[in-house]
Amino acid sequence: MAMMKYPQKVVLGDITVRDGFQHEEKTISTEAKLWSVEQLVLAGFKRLEITNLGSPRGMPQFADADQLLQAIHGSKLLKDKLKDVQLTAVTIREKAAERAFEARQKGWGPDRILFMVSTSESHHRRNSGLSLEEYWKMCKEYIKKAHENGIKVNGTVSTIWGCPIEGPTELKKAVEFTRRFLDIGADDIEPAYHDGSAPPNRVYEYFSMILDAMPDP
């Protein structure tokens, strides 16, 4: 059995201010979110996922997305630190991406946005409202637009090990989706899952498949 080559260094990102707060029943104030971002940056995090620019109707926790982005860029504590920090906003659909572009043009937009495909068609449709084919078409167009606005794009591949709706999923489909994201210009890939269906041996199996298919990560 080949020895695993461990990476020389690992960069830790933090998604508390987006994913951690997303399901809280109480609204977290913009001030509290800003404080969290400041503390995370001061603690040394260089990559933070901080909000979702989608419609606040579905996710009221992010109704203050613009205010938070502005507050982070106006923070005295972060004044000299932001140039080394990458701020990510989730933008599942076109309108959210357009908001990111507009904010970027005004000088306080995110450095990176996130599009997400699920290998499970029903999970994908519930998440995005589009079929997978329609979504890939949208991604191709909007990755190009993001780059024109100086924004990096993360391609998140979801339900890799299993789906809360459909149950077990095909690992090789996730490898195919990762390649497809990279082919249409995504800057980096995030492997995601939602339902505790990823035991260590299956995670090992998946990353072995990915590294066989794409030896230079």
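Me: What covers the buried residues of α7?
Reply: Two terms come first. Buried means under 20% relative accessible area, exposed over 50%, and partly exposed in between, with a 1.4 Å probe and protein chains only. Contact means heavy atoms within 4.5 Å. The cover of the buried residues of α7 includes β4 (112-118), α6 (132-148), β5 (152-158), β8 (188-191) and α8 (200-213). Helices (H or I, at least four residues) and strands (E, at least two) are DSSP runs, numbered from the N terminus. This is a predicted model, in which local features need pLDDT of at least 70 and side-chain atom pairs count only at pLDDT 80 or more, while totals for chains, interfaces and linings use all residues. Residues are numbered from 1 along each chain as its sequence is written, and side-chain values use heavy atoms, with hydrogens and water left out.

Me: Which residues of α7 are buried?
Reply: Leu171, Ala174, Val175, Phe177, Thr178 and Phe181 are the buried residues of α7. Viewed down the axis of α7, they fall within an arc of 165 degrees, so they line one face of the helix. The arc is that of the directions from the helix axis to the C-beta atoms. The face turned away from the buried side of α7 carries the exposed residues Lys172 and Asp183.

Me: How is a pair of packed helices described?
Reply: By the angle between their axes and the distance between the axes. Axes are lines fitted to C-alpha atoms, for helices over the stretch in contact, and angles run from 0 to 180 degrees between N-to-C directions. Angles under 35 degrees count as roughly parallel, over 145 as roughly antiparallel, 65 to 115 as roughly perpendicular and the rest as oblique. The axes of α7 and α8 come within 10 Å and cross at roughly 40 degrees. α7 and α8 are therefore oblique to each other. On the α7 side, the contact is made by Leu171, Lys172, Ala174, Val175, Thr178 and Arg179, and on the α8 side by Arg202, Glu205, Tyr206, Met209, Ile210 and Ala213.

Me: How do α6 and α7 lie to each other?
Reply: Their axes come within 10 Å and cross at roughly 30 degrees. α6 and α7 are therefore roughly parallel to each other. This contact joins Leu132, Glu133, Trp136, Cys139 and Ile143 of α6 to Phe177, Arg180 and Phe181 of α7.

Me: Which residues of α6 are buried?
Reply: They are Leu132, Tyr135, Trp136, Met138, Cys139, Tyr142, Ile143 and Ala146. These cover an arc of only 160 degrees around the axis, which puts them on the same side of α6. They pack against α4 (94-105), β4, α5, β5 and α7. Lys137, Lys140, Lys144 and Glu148 are the exposed residues on the face of α6 turned away from its buried side. α6 is followed by Gly150, whose phi is positive, near 75 degrees.

Me: What does the reading give for α5?
Reply: In α5 (residues 121-128), His123, His124 and Ser128 are buried. Down the axis of α5 they fall within an arc of 110 degrees, so they line one face of the helix. Their cover includes β4, α6, β5 and β6.

Me: Where does Thr159 lie?
Reply: Thr159 lies in the loop between β5 and β6 (162-163). Its phi is near 50 degrees, a positive value in a residue other than glycine. At 0% relative accessibility, Thr159 counts as buried.
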